[in-house]
Amino acid sequence: VEIDKEIISTINNGKVHISEKGLGELVKKAVDSKKLLANDKPIKSNIYIIAVPTPFYKDQISKIKKPNVEYVINAAKAISKVLGKNDLVILESTSPVGTTELVSEIISKEANIEKNDLNIAYCPERVLPGEIIKELINNDRVIGGLNNRSSLLAKSFYEKFCKGKLIITNSKTAELV
């Protein structure tokens, strides 16, 4: 999902808008095989990954920078419109401890699905520009679900392309990582 119409068009034409070694070829292959489609709103899927910015804002009283999870909340609300009972949601955005639980509460309410029927996990993305593809494949990952089922479903997803270790924990521990 992307809000910039020009970026949507670029991706759907099999091209990229950022400079990242090897990304252009991967995007073209994914678009040509119909496995990648950019859109301005969520469409039905089985797996949703929330990877949005979490910029800091300065608390005017304490002067301490705090993460702004507004984009995470908006993404959770948006996917709730198309999310099904057995779908998987993975939060990758750098977020404070407790955000995955917050996402589950939002999705449960917005999608009208009991929290026990949701599959939600946190898996922090740790990559450096210029090496993103290599690191997405080779880095170890910590995966923390809100329940064991969520953790195992997320692990199964990452096993499809990750060569690094996949370490299962709970969502709060993964968020702390």
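**Note on the predicted model: helices, sheet and selected residues**

1. Helix α3 against helix α4. V72, I73, A76, K77, I79 and S80 of α3 are in contact with T99, L102, V103, I106, I107, E110 and A111 of α4. The model is a predicted one. Helix α3 covers residues 70-80, and its axis comes within 9 Å of that of α4, the two crossing at roughly 35 degrees. The crossing of α3 and α4 is right-handed.

2. The sheet. Five strands make an open sheet in the order β1-β4-β5-β6-β7, and the pairing is mixed. Strands β1 (47-50) and β7 (166-170) stand at the edges; each has a single partner strand, so one side of each is left without a neighbour in the sheet. From one strand to the next, the twist averages 25 degrees.

3. Pairing of β4 with β5. Strand β4 (residues 88-91) and strand β5 (residues 119-122) are parallel and are joined over four bridges. To locate this pairing in the structure, take V89, whose bridge partner in β5 is I120.

4. Helix α4 on the sheet. Besides meeting α3, helix α4 (residues 99-111) packs on the sheet, where it touches β1, β4 and β5. The direction of α4 makes about 155 degrees with that of β5.

5. Pairing of β6 with its two neighbours. Which way do β5 and β6 run relative to each other, parallel or antiparallel? They run antiparallel, joined by two bridges. Y122 has G144 of β6 as its bridge partner. On the other pairing, β6 and β7 run parallel and are joined by five bridges. Here G145 has N170 of β7 as its bridge partner.

6. Burial of β6. Strand β6 is mostly covered, with five of its five residues buried. R141, I143 and G145 point one way from the strand, while V142 and G144 point the other way. The residues on both faces are buried, and R141 is among them.

7. Helix α6 on the sheet. Helix α6 (residues 148-159) lies across β1, β4, β5, β6 (141-145) and β7. The helix runs at about 145 degrees to β6. The β6 strand that α6 lies across is the one described above as having five of its five residues buried.

8. Aromatic pairs. How many aromatic pairs does a search of the whole structure find? It finds three. In one of the pairs, the ring centres of F157 and F161 are 5.4 Å apart and the planes stand at 75 degrees, so this pair is edge-to-face. F157, Y158 and F161 form one aromatic cluster.

9. Cysteines. The count of disulfides is zero. C123 is in no disulfide, and its nearest cysteine sulfur, that of C162, is 7.2 Å away. Likewise, C162 is in no disulfide, and the nearest cysteine sulfur to it is that of C123, at 7.2 Å.

10. Positive phi at K34. Most residues other than glycine have a negative phi. K34 has a positive value, near 65 degrees. Where is K34 placed? It is in the loop between α2 (23-32) and β1. K34 counts as exposed, at 74% relative accessibility.

11. Positive phi at N112. N112 is not a glycine either, and its phi is positive, near 55 degrees. This residue is found in the loop between α4 and β5. N112 is exposed, with a relative accessible area of 70%.

Definitions and conventions. Residues are numbered from 1 along each chain as its sequence is written. This is a predicted model: local features need pLDDT of at least 70, side-chain atom pairs count only at pLDDT 80 or more; totals for chains, interfaces and linings use all residues. Side-chain values use heavy atoms; hydrogens and water are left out. Two strands pair if DSSP finds at least two bridges between them. Axes are lines fitted to C-alpha atoms, for helices over the stretch in contact, and angles run from 0 to 180 degrees between N-to-C directions. Contact means heavy atoms within 4.5 Å. Rings of Phe, Tyr and Trp (its six-membered ring) pair if their centres lie within 6.5 Å; planes under 30 degrees apart count as stacked, over 60 as edge-to-face and the rest as tilted. A disulfide is a pair of cysteine sulfur atoms within 2.5 Å. A crossing is left-handed if the near helix is turned anticlockwise from the far one by less than a right angle, and right-handed if clockwise. Buried means under 20% relative accessible area, exposed over 50%, partly exposed in between (1.4 Å probe, protein chains only).
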